[in-house]
Amino acid sequence: TKLHAGALTKAVEDEVGDITGVTRASAQIHDQPRLALALTVDMTDTADIDRLRAQLENNIVAHVREAVGDPEFPVDIELRPDVRRTRANALHRIAP
């Protein structure tokens, strides 16, 4: 069975995007320096980071590893504030 990288990354982005506190998710497969999935997650200002991290590590990473058939498949996760929302909220707060 072949697993297409685009299908995997789309499935990951969709699953992560459904998690409370996530505003955007981007997944990419890299093969340098090693084969791995890079996941970038933008989150709201009010996101529960500990809960979000646990969901990503316990559910999403497990699903990726199951899909690729490798229990040690590397998944790199970057959590970051949603800059677009942060700027919009700051402008909204400043406006009269």
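This is a predicted model: local features need pLDDT of at least 70, side-chain atom pairs count only at pLDDT 80 or more; totals for chains, interfaces and linings use all residues.
Residues are numbered from 1 along each chain as its sequence is written, and side-chain values use heavy atoms, with hydrogens and water left out.

**Exercise 1.** State how many salt bridges the structure holds.

Solution. Apply the criterion: a side-chain nitrogen of Lys or Arg within 4 Å of a carboxyl oxygen of Asp or Glu.

**Exercise 2.** Describe the salt bridge between Asp14 and Lys10.

Solution. Start with the distance: the closest N and O atoms are 2.9 Å apart. Next, place the residues: both are in helix H1 (residues 5-17), four residues apart, so about one helical turn separates them. Helices are DSSP runs of H or I with at least four residues, strands are runs of E with at least two, and both are numbered from the N terminus. Last, check exposure, where buried means under 20% relative accessible area, exposed over 50%, and partly exposed in between (1.4 Å probe, protein chains only). Asp14 is partly exposed at 38%, and Lys10 is partly exposed at 46%.

**Exercise 3.** Which parts does the pair Arg80 and Asp42 tie together?

Solution. The two side chains meet in a salt bridge at 2.5 Å, N to O. Arg80 lies in strand S3 (residues 75-81) and Asp42 in strand S2 (residues 36-43), so the pair ties together parts 38 residues apart in sequence. Arg80 is partly exposed at 31%, whereas Asp42 is buried at 6%. Finally, Arg24 is linked with Asp42 and Arg80 in a network of salt bridges.
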